[in-house]
Amino acid sequence: MDDVCGLPSGGSVRIAARAATPGGAPDDLPPRVVATEPAVELIRELVGRHGPVMFHQSGGCCDGSAPMCYPDGEFRVGQRDVLVGELDLGDDDDEARAPGGSSGLRVRVWISGSQFATWKHTQLVLDAIPGRGSGFSLENPTGKRFLSRARTFDERELAALEAFPPATGADLDV
């Protein structure tokens, strides 16, 4: 996997965080979600203000298709929602540490099951850019907004990921 995400403008932005490898999976399993440096900076700012956070990739309607950031547990995850991954942001605030005493800041990223079915061949790249956040997303008053980008998995990556399907809301005690 590249350490940068290509932008439509021809530029690139550095990847600063990757989803933690699911239990039992090989360390080289490609993460289904990554975050750019600007996204990680904004997430850390929001955690500092609001405590632990989580994301749900919205599926359209009023807010378009935007990653929405909520205080952890405030958005009710459905049984069919898919856990794209837990971004591992490294050491930071004690309030947002991963369950089970992990030493790193973890942020769960969810997507609706129907939207995951459409996007399952891509890696979700969480980015942040100047602008106004959507709806009830926590970044709304910051002058920045989260943005979804995508990278298409190659055939080898898709085959590896098939052996480790993501968890759903029905699988986890959320």
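# Briefing: a predicted chain of helices and strands

Read along the sequence, this chain runs β-β-β-α-β-β-β-β-α-β-β-α. That pattern comprises three helices and nine strands, where helices (H or I, at least four residues) and strands (E, at least two) are DSSP runs, numbered from the N terminus. The model is a predicted one: local features need pLDDT of at least 70 and side-chain atom pairs count only at pLDDT 80 or more, while totals for chains, interfaces and linings use all residues. Residues are numbered from 1 along each chain as its sequence is written, and side-chain values use heavy atoms, with hydrogens and water left out.

**The chain as a whole**

- Of the 174 residues, 43% count as buried; buried means under 20% relative accessible area, exposed over 50%, and partly exposed in between (1.4 Å probe, protein chains only).
- Among contacts with a separation of 6 or more, 61% are between residues 24 or more positions apart, with contact meaning heavy atoms within 4.5 Å.

**Helix H1**

- Helix H1 covers residues 37-50, and its 14 residues should span 20 Å at 1.5 Å a residue, which agrees with the 20 Å between its end C-alpha atoms. The expected span here is 1.5 Å times one less than the number of residues.
- The buried residues of H1 are Ala39, Val40, Leu42, Ile43, Leu46 and Val47. Seen down the axis of H1, the buried residues fall within an arc of 165 degrees, so they line one face of the helix; the arc is that of the directions from the helix axis to the C-beta atoms.
- On the other side of H1 you will find Glu41, Gly48 and Arg49 exposed.
- Just after H1 comes Gly51, which takes a positive phi of about 85 degrees.

**Salt bridges**

- Side chains of opposite charge can pair when their charged atoms come close. The rule used here asks for a side-chain nitrogen of Lys or Arg within 4 Å of a carboxyl oxygen of Asp or Glu, and by this rule the count comes to seven salt bridges.
- Lys144 and Glu45 form one of these, with their closest N and O atoms 3.9 Å apart. This pair links distant parts of the chain, as Lys144 sits in strand E9 (residues 144-152) and Glu45 in helix H1, 99 residues apart.
- Both partners count as partly exposed: Lys144 has 33% relative accessibility, and Glu45 has 28%.
- Arg106 and Asp88 also meet through their side chains in a salt bridge (3.9 Å, N to O). Here too distant parts of the chain are linked: Arg106 is in strand E7 (residues 106-111) and Asp88 in strand E6 (residues 82-88), 18 residues apart.
- Arg106 is partly exposed at 25% relative accessibility, and Asp88 is partly exposed with a relative accessible area of 31%.
- Asp88 and Arg108 are 20 residues apart in sequence, and their C-alpha atoms are 9.1 Å apart in space.
- Arg151 pairs with Glu157 in a salt bridge whose closest N and O atoms are 3.1 Å apart. Arg151 is partly exposed, with a relative accessible area of 22%, whereas Glu157 is buried at 3%.
- Salt bridges that share partners also join Glu45, Arg49 and Lys144 into one network.

**Arg32, a buried charge**

- Arg32 lies in the loop between strand E2 (12-19) and strand E3 (33-36).
- Arg32 is buried yet has no salt bridge, and the nearest side chain of opposite charge, Glu162, is 8.4 Å away. For charge, Lys and Arg count as positive and Asp and Glu as negative, while His and the chain ends are not counted.
- A polar atom of the Arg32 side chain lies 3.4 Å from the backbone oxygen of Leu161.
- Leaving aside neighbours within four places in sequence, Arg32 is in contact with a set of residues including Val84, Phe116, Lys120, Phe153, Leu161, Phe164, Pro165 and Pro166.

- Leu89 is found in the loop between E6 and E7, and is buried with a relative accessible area of 7%.
- Not counting residues up to four places away in sequence, Leu89 touches Ala17, Val40, Ile43, Arg44, Leu105 and Val107.
- Leu89 and Ala16 are 73 residues apart along the chain, with their C-alpha atoms separated by 7.9 Å.

Key:
Polar contact = N/O pair within 3.5 Å; in protein donor to acceptor, adjacent residues only side chain to side chain.
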